[in-house]
Amino acid sequence: MSDQLKILEMIENGQITAAEGMELLDALKAGAEPAAAGTGANTSPAAIRSYKFLKIKVSSDNKTVNVNVNIPIRLLTTIGEVAGKVTAYIPADARRQMEAKGVDVASIDYAKIIEEVLSGTLEDPNIVDVEAWDEEHKALVKVRIYVE
Amino acid sequence: MSNSGHGFLWFRLRVNNGRDIRICFPLSIHVFRELLDSFMDLLSLISVFVPKSPALGSGKSIRTAGELIRALIALLGSVSGDGPYDLLDIETEGVSVSINIR
């Protein structure tokens, strides 16, 4: 309610027009509805669960390789934001080579991808769970990427 | 600048190929961020004396360095805010590398 009052006060003080105020009120209402729906009984627990780490684990059955990477979700989102800027500095010839193979790095919205991964499709926290035979080391390698 | 969160990156390297070599050193995230901030200020000062013509490469390289440092500062801020944890832990035949946030 206090947000609605603030908007009305802004209209009264002439800081925003009535039309802008209506837009803000609509946006506020639209934001409140999903939050209200989230308290319902039909809401999936995965949808409202907040994850803290993206974990990458690679291990082999003969213990030759053991990799554990814990990436905080906050770091992941920052990487998403930063990746878009960093790709602007990819050399032109490298960019051309990638474009020739159908990869346009400039058009990839990394932050959006990460946001979708974290908020949209994670009913199952296991993103990757693969077992493969490593011929070189004669070992069964397990790769697991999941959020926790 | 925030001083919350956990302040040290601990790098540990262990190589065991006949001789056992262990290297372990902490890096204060706060100090590292301060250094990067100072370096950013220095870059801003240098950029005043560098011609802004896009035909000249030096101005662009300073801007690139500035962008990269800003990105690094943002990454350091994100690394330190989630409590003590093991960022990286790799063990292969005879070599182990770990980076912990403490």
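Predicted model: local features only at pLDDT ≥ 70, side-chain atom pairs only at ≥ 80, totals over all residues.
Residues are numbered from 1 along each chain as its sequence is written, and chains are lettered from A and ligands numbered from 1 in the order in which they are written.

In chain B, strand β1 (residues 8-17) pairs with strand β2 (residues 19-28) in the antiparallel sense over ten bridges. Strands are DSSP runs of E with at least two residues, helices are runs of H or I with at least four, and both are numbered from the N terminus; two strands pair if DSSP finds at least two bridges between them. Opposite Trp10(B) stands Pro26(B) of β2(B). One residue lies between the strands of this hairpin, in which Gly18(B) takes a positive phi near 85°. β1(B) also runs antiparallel to strand β4 (residues 95-101) of chain B, joined by seven bridges, and Leu13(B) stands opposite Val97(B) in β4(B).

The contact between the chains (C-beta atoms, placed from the backbone, within 7 Å) takes 16 residues from chain A and 18 residues from chain B. On the chain B side, α2 (57-79) and β3 (85-92) each supply at least two residues, and β3(B) gives the most, with eight residues. This side divides into eight nonpolar, four polar and six charged residues. Nonpolar covers Ala, Val, Leu, Ile, Met, Phe, Trp, Tyr, Cys and Pro, charged covers Asp, Glu, Lys and Arg, and the others, Gly among them, count as polar. Strand β2 (residues 66-72) of chain A pairs with β3(B) in the antiparallel sense over four bridges, with Val69(A) opposite Leu88(B).

Conventions. Contact = placed C-beta atoms within 7 Å.
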